Amino acid sequence: MGIVLSNIIAIYRRELQTYFVSPLAYAIAGVFWLIGGLFLVMILLGPDGILPAVAFIDLQGQQLNVPVPPIDVPYEFIKAFLDRMGWLLLFILPILSMGLYAEERKRGTLELLATSPITNWAVAVGKLLGVVTFFTTLILPLMVFEAIAISSSNPPLSPVIPLVGHLGLILLASAILSLGMFISSLTDSTILSAVFTFALVILLLFVDLIAKSIGGPIGEIMGHFSLLKHYNTLIQGIFDSSALILFGSYIFLGIFLTAQSIDALRFQRQ
């Protein structure tokens, strides 16, 4: 067990080093922060933002002398921001996952990994931990700006709500990256890997709509596999164990399929 853990840590450190010296990773970070910052500002202060909308409702209430129901601005802001960030992942994560194994194939180092004493599970887990850690570093600056934006709210927002919401964001990213890692292990083309990962994520995000159109017991079963449905539950601050199980299942499935894919390559080389 100690050897396996040390192998995972070795792969994990190797992956992190490649991200923090890669120009593509810095380009992805810059685009992610730029779009995330624009989302944050527009949700708060844009023409259709929360603060102008609340001010308009208050003004109407005063003019008509009608009591205005209270609006939980920090809660609505966090929920709207995380909703937009979930859609942003649809475009960012396939780019992050496309090179996890495809680059190894292209450089010819995948064969070395496949025939090395390190287990395929250890390699897959180490790679996934590395890319998830890099993604987590991307959302940390945005979390700081979110905290500043809601710091002056009265009454203050419970920290449980943003924490559960951001946990959902990380779990959603981990599930997508895990499946993208499997697709990356099947090809040496990073472009194909990104395209197929994007298509798969689209299917998993909209499976709930497909399930509703099918209806019946089959549709109900399919609806439980929707990433978007369970992500929306978490960003509302609802800690749902079924959502954790679903995301954990997708993460495990991606690691398992990746290990089997590399096992098949090992068998071919033998």
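User: Why is Leu 253 called partly exposed?

Analyst: Leu 253 has a relative accessibility of 36%, so it counts as partly exposed. Buried means under 20% relative accessible area and exposed means over 50%, with partly exposed in between (1.4 Å probe, protein chains only). The model is predicted: local features need pLDDT of at least 70, side-chain atom pairs count only at pLDDT 80 or more, and totals for chains, interfaces and linings use all residues. Residues are numbered from 1 along each chain as its sequence is written, and side-chain values use heavy atoms, with hydrogens and water left out.

User: What makes a nonpolar surface patch of Trp 121, Phe 252, Leu 253 and Phe 256?

Analyst: A patch takes residues with over 30% relative accessible area and no salt bridge; nonpolar side chains (Val, Leu, Ile, Met, Phe, Trp, Tyr) are joined within 5 Å, and like charges within 9 Å. The 36% of Leu 253 therefore passes the area limit. These four residues make about 370 Å², an area from the Shrake-Rupley method with a 1.4 Å probe, where for residues only the protein chains shown count as cover. Helix α13 (residues 241-269) gives the patch its largest share, three residues, and Leu 253 is found in that helix.

User: How do you know that Ser 184 is buried?

Analyst: Its relative accessibility is 0%, so Ser 184 counts as buried. Ser 184 lies in helix α8; helices are DSSP runs (H or I, at least four residues), strands are E runs of at least two, and both are numbered from the N terminus. Leaving aside neighbours within four places in sequence, Ser 184 is in contact (heavy atoms within 4.5 Å) with residues including Ser 97, Tyr 101 and Ser 193. In the whole chain of 270 residues, 45% count as buried.

User: What makes the largest nonpolar core a core, and how many residues has it?

Analyst: A nonpolar core is a set of buried Ala, Val, Leu, Ile, Met, Phe, Trp, Tyr and Cys residues joined through side-chain atoms within 4.5 Å. The largest such core has 68 residues, and Phe 32, Phe 77, Leu 96, Leu 227 and Phe 247 have the most contacts inside it. Helix α4 (residues 73-97) supplies the largest share, 14 residues. Among the residues that Leu 227 touches beyond four places in sequence are Leu 172, Leu 204 and Phe 247.

User: Why is the pairing of Glu 76 and Lys 79 called a salt bridge?

Analyst: A salt bridge needs a side-chain nitrogen of Lys or Arg within 4 Å of a carboxyl oxygen of Asp or Glu. The N to O distance is 3.8 Å, so the pair of Glu 76 and Lys 79 qualifies. Both residues lie in helix α4, three residues apart, about one turn of the helix. Glu 76, at 30%, is partly exposed, and Lys 79, at 26%, is also partly exposed.

User: Which other pairs show salt bridges, and at what distances?

Analyst: The structure holds four salt bridges. One of them joins Glu 15 to Arg 14 at 3.4 Å; Glu 15 is buried at 5%, whereas Arg 14 is partly exposed at 29%. Another joins Arg 84 to Asp 83 at 3.3 Å. Shared partners link Arg 14, Glu 15 and Lys 127 into one network.

User: Where is confidence lowest and where is it highest?

Analyst: The mean pLDDT (the predictor's confidence in each residue, from 0 to 100) is lowest in helix α6 (residues 110-115), at 63, and highest in helix α8 (residues 160-184), at 92. Where pLDDT is low, the predicted coordinates should not be read in detail. The chain averages 83.
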